[in-house]
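I opened this notebook to record what I looked up, topic by topic.

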Amino acid sequence: MSEAVDQRAGTAVADDSDLAVRVTGLTHKFGDHVAVDNLDLTVRRGASFGLLGPNGAGKTTTLRVLNTLYPPQNGSVRIFGLDVRTQAMAVRRTLGYVPQQLSIEGALTGRENVAWFARLFDVPRRERADRVAEVLAIVDLTEAADRIAGGYSGGMVRRLELAQALVNRPALLVLDEPTVGLDPVARDSVWARVQDMQRRYGMTVLLTTHYMEEADALCDQVVLMHRGKVRAAGSPDELKGSLGPGVSLEDVFRHYTGESLDPAEKGGLRDVRSTRRTAQRMG
Ligand SMILES: Nc1ncnc2c1ncn2[C@@H]1O[C@H](COP(=O)(O)OP(=O)(O)OP(=O)(O)O)[C@@H](O)[C@H]1O
């Protein structure tokens with residue numbers, strides 16, 4: 001890894017109170033297989049953070065330790081200063097999680113799915129109906145809310161899962177490959193909702209993806225992960241800039257790992273990128 005990039009990524013966040021996530025020396029094994037290998041990473045509060053890498057890099061395993069599904073075998077993981085090992089319940093209250101696998105109940109309506117999560121996360125009874133309606137509106141599912149979710153398109157299902165994850169107003173939204181399998185229009189739509197939520201509530205977003213183009217457009221901090229290890233960390237611009245002009249994140253990945261990712265699906269993100277720029281200009 002380039003020392004310059006490594007150092008910049010390390011020194012950008014000196015004070016823990018600025019951090020949503022601090023992972024130090026995390027190793028996770030399945031039998032003899034090392035899925036996560038002495039991982040260090042920090043995520044600033046309010047960041048859009050991308051954990052990038054090909055299938056099998058160890059991304060999902062890392063997220064599962066962060067969200068308390070797997071107890072850490074080694075090392076330390078803190079979420080907003082809370083230790084996932086000893087303060088797991090408090091950690092869970094800060095989190096919204098959208099897993100890679102579908103997590104909706106197809107026999108219920110969209111509204112019933114979100115209401116179930118609201119109950120699960122102890123959203124106060126008096127507030128539940130309003131909160132459910134609010135997040136359904138944010139993900140643009142108000143009109144479809146009372147239809148059976150089993151009939152939703154792939155993009156609608158993803159947006160419904162987002163609504164579920166948002167109903168407890170998490171400080172940290174964790175998304176595992178949120179746009180995999182979606183067409184470019186549906187991907188853009190999912191991202192526009194995530195960015196909208198982030199702007200409204202100042203959430204920290206931590207996502208995994210193997211779409212480098214997507215990460216480049218949407219993340220302000222990324223870590224390239226390969227075979228359980230961090231190979232490079234920084235902002236997309238820092239990482240690309242460290243290798244010279246005209247470089248893509250895909251090139252950066254190849255540089256640090258000697259391997260190529262599967263060709264990412266192209267297109268569909270320019271609009272999200274330009275929407276983001278416009279939104280930034282408009283404050
Ligand atoms: N429950 C498990 N039992 C055994 N091995 C596992 C288990 N979960 C993951 N692994 C292995 O650990 C490694 C990392 O897997 P992980 O799912 O974390 O990768 P990933 O980067 O999220 O990839 P993907 O996008 O395919 O999920 C892989 O080699 C995987 O086969």
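The entries below go from the overall make-up to single residues.

**Basis.** I worked from a predicted model, in which local features need pLDDT of at least 70 and side-chain atom pairs count only at pLDDT 80 or more, while totals for chains, interfaces and linings use all residues. Residues are numbered from 1 along each chain as its sequence is written.

**Overall make-up.** I found 11 helices and 10 strands in the protein. Helices (H or I, at least four residues) and strands (E, at least two) are DSSP runs, numbered from the N terminus. Of the 283 residues, 43% are buried. I took a residue as buried if 20 or more other C-beta atoms lie within 10 Å of its own, as exposed if 12 or fewer do, and as partly exposed in between, with C-beta atoms placed from the backbone. I then looked up contacts, meaning pairs whose C-beta atoms, placed from the backbone, lie within 7 Å. Among those between residues at least 6 apart in sequence, 71% join residues at least 24 apart.

I traced an open sheet of 6 strands in the order 6-7-8-3-9-10, with mixed pairing. Two strands pair if DSSP finds at least two bridges between them. Strand 6 (95-98) and strand 10 (229-234) are at the edges with a single partner strand each, so one side of each has no neighbour in the sheet. From one strand to the next, the twist averages 15°. Within this sheet I noted that strand 3 (residues 48-52) and strand 8 (residues 204-209) run parallel and are joined by 5 bridges. Leu51 is opposite Thr208 of strand 8. Helix 2 (residues 59-66) lies across strand 3, strand 7 (172-176), strand 8 and strand 9 (221-226), and runs at about 150° to strand 7. Such axes are lines fitted to C-alpha atoms, for helices over the stretch in contact, and angles run from 0 to 180 degrees between N-to-C directions.

**The ligand shell.** Which element gives the largest share of the shell around the ligand? I found that helix 2 does, with 3 residues. The ligand is surrounded by Phe30, His33, Ala35, Gly53, Asn55, Gly56, Ala57, Gly58, Lys59, Thr60, Thr61 and Glu177. By class, the shell has 3 nonpolar, 7 polar and 2 charged residues. Here Ala, Val, Leu, Ile, Met, Phe, Trp, Tyr, Cys and Pro count as nonpolar, Asp, Glu, Lys and Arg as charged, and the others, Gly among them, as polar.

I found strand 1 (residues 19-30) antiparallel to strand 2, with 8 bridges joining them. Phe30 has His33 of strand 2 as its bridge partner. The hairpin of these strands has 2 residues between them, and Gly31 takes a positive phi near 60° there. Strand 1 also pairs with strand 4 (residues 76-79), in the antiparallel sense, over 4 bridges. Arg22 is opposite Arg78 of strand 4.

**Positive phi.** Most residues other than glycine have a negative phi. I noted Asn38, not a glycine, with a positive phi of about 55°. Asn38 is in strand 2 and is partly exposed, with 14 C-beta neighbours inside 10 Å. Asp122, also not a glycine, has a positive phi of about 60°. I located Asp122 in the loop between helix 4 (110-120) and helix 5 (125-138). Asp122 is exposed, because 10 other C-beta atoms lie within 10 Å.

**The nonpolar core.** The largest nonpolar core holds 76 residues, of which Val114, Ala163, Val167, Val174, Leu206 and Val223 touch the most other members. Helix 6 (residues 154-166) gives the most to this core, 7 residues. Such a core is a set of buried Ala, Val, Leu, Ile, Met, Phe, Trp, Tyr and Cys residues joined through C-beta atoms within 7 Å.

**Val252.** I placed Val252 in helix 10 (residues 249-257). Why does Val252 count as buried? Val252 is buried because 27 other C-beta atoms lie within 10 Å.

Methods
Two residues are in contact if their C-beta atoms, placed from the backbone, lie within 7 Å. A residue is near a molecule or strand if its C-beta atom, placed from the backbone, lies within 6 Å of it.
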